Amino acid sequence: MAGSLRAVTGKQLQIGVLARRMQSIPLTARTVLERASGKSIFEARYYRESQLSRLANLFAHVDVEKWRGMRVLEVGAGLGHLGDAFTALGFDVTSTDGRPEHVEAMRARGRESFVLDLDQDGVDKVGDYDIVLAFGVLYHLAKPQEFLRSCGVTAKVLLLETCVCDDREPVVKWVKESSGWLGPDQAVSPNGCRPSPAWVEKTCSEAGFRAVRDISSSIGNWTSGRFDWEPHSTGEWSRSGYNLRKMWVCER
Ligand SMILES: C[S@@+](CC[C@H](N)C(=O)[O-])C[C@H]1O[C@@H](n2cnc3c(N)ncnc32)[C@H](O)[C@@H]1O
């Protein structure tokens with residue numbers, strides 16, 4: 001008994017030491033190490049941090065109780081971890097992604113899921129959903145305007161989170177997508193974008209959302225993403241090692 005306790009305590013100590021060592025490794029190197037060990041990008045430490053902080057920011061700013069009974073469509077879901085939070089709250093959630101391998105992984109763990117490439121099909125073409133949960137995907141799209149328009153046709157609520165550029169004007173900066181760290185598991189299209197907050201708000205309003213509420217706050221911040229950045233209209237989308245991001249609740 002005492003021997004096995006010692007063994008467990010010894011193992012915990014080793015894990016603690018390893019965790020502290022991992023902390024001191026720079027973010028990029030740590031992520032490369034995690035990916036090399038076979039982890040999906042969605043399981044990497046910085047990514048888990050981003051999921052928790054963004055969900056915390058969202059739930060700090062909305063009263064999900066008033067949406068009870070609404071059907072949720074998660075788009076660009078990755079492995080569907082954000083949708084899991086809504087499932088846990090009792091929502092009927094369908095999660096989609098442009099990459100078949102992510103959809104397969106979601107199905108394997110019993111999630112309602114199908115392939116939906118947002119540059120090919122609008123969300124208005126795939127069924128009746130009340131809430132569209134679109135976190136971390138708008139900036140991967142070559143046709144962001146078409147996607148937002150399709151949300152306006154069908155959704156009562158759009159929960160939107162994305163990388164943006166710091167421009168006062170309603171503009172979209174077009175970018176070439178990279179294929180992701182140690183594996184092409186992110187962008188579907190070779191072209192992505194960094195819209196300005198003014199562009200997103202204008203496009204959502206024109207799509208039919210009466211209330212477009214910016215709920216970005218420091219609660220959502222993580223190691224490499226920030227929501228509480230100061231606008232200087234420099235046109236940049238990355239500053240001091242972090243990406244500029246925004247989150248909105250859009251309601252019809
Ligand atoms: C940064 S991850 C976001 C995952 C999750 N929504 C989150 O915020 O943590 C981007 C996801 O969007 C998906 N994606 C990229 N382009 C897409 C497209 N054109 N249509 C649908 N999904 C796309 C990728 O496969 C990836 O799973």
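**Ground rules.** I noted that this is a predicted model, in which local features need pLDDT of at least 70, side-chain atom pairs count only at pLDDT 80 or more, and totals for chains, interfaces and linings use all residues. Residues are numbered from 1 along each chain as its sequence is written.

**Arginine 213.** I placed arginine 213 in strand S8, residues 211-214. Helices (H or I, at least four residues) and strands (E, at least two) are DSSP runs, numbered from the N terminus. Arginine 213 counts as partly exposed because it has 13 C-beta neighbours inside 10 Å. The scale calls a residue buried if 20 or more other C-beta atoms lie within 10 Å of its own, exposed if 12 or fewer, and partly exposed in between, with C-beta atoms placed from the backbone. I also checked glutamate 251, which is 38 residues from arginine 213 in sequence and 8.4 Å from it in space, C-alpha to C-alpha.

**Whole chain.** I counted seven helices and 11 strands. Of the 252 residues, 37% count as buried. I then took contacts between residues at least 6 apart in sequence, and 65% of these join residues at least 24 apart.

**Core.** The largest nonpolar core has 49 residues, and Val75, Val132, Leu133, Ala134 and Leu158 touch the most other members. Such a core is a set of buried Ala, Val, Leu, Ile, Met, Phe, Trp, Tyr and Cys residues joined through C-beta atoms within 7 Å. Among the elements that give it two or more residues are strand S1 (71-74), helix H4 (81-88) and strand S4 (131-135). In soluble globular proteins, nonpolar side chains tend to be buried together.

I followed two of these residues. Leucine 133 touches Val72, Glu74, Leu82, Gly83, Phe86 and Leu159, leaving out residues up to four places away in sequence. Alanine 134 lies in strand S4 and is buried, because 26 other C-beta atoms are within 10 Å. Beyond four places in sequence, alanine 134 is in contact with Val75, Gly76, Leu158, Leu159 and Leu160.

**Strand S1.** I looked for the partners of S1; strands pair if DSSP finds at least two bridges between them. S1 runs parallel to strand S2 (residues 92-97), with four bridges joining them. S1 and S4 also pair in the parallel sense, over three bridges. Leucine 73 stands opposite threonine 94 in S2, and its bridge partner in S4 is valine 132.

**Ligand.** I listed the 22 residues around the ligand, of which Gly76, Gly78, Gly98, Phe135 and Gly136 come nearest. A residue belongs here if its C-beta atom, placed from the backbone, lies within 6 Å of the molecule.

**Two serines.** Which serine has a positive phi of about 55 degrees although it is not a glycine? That is serine 233, in the loop between strand S9 (225-226) and strand S10 (238-239). Serine 233 counts as exposed because it has 12 C-beta neighbours inside 10 Å. Serine 240 has a positive phi of about 50 degrees and is not a glycine either. I found serine 240 in the loop between S10 and S11, exposed, with 6 other C-beta atoms within 10 Å.

Terms used:
Contact = placed C-beta atoms within 7 Å.
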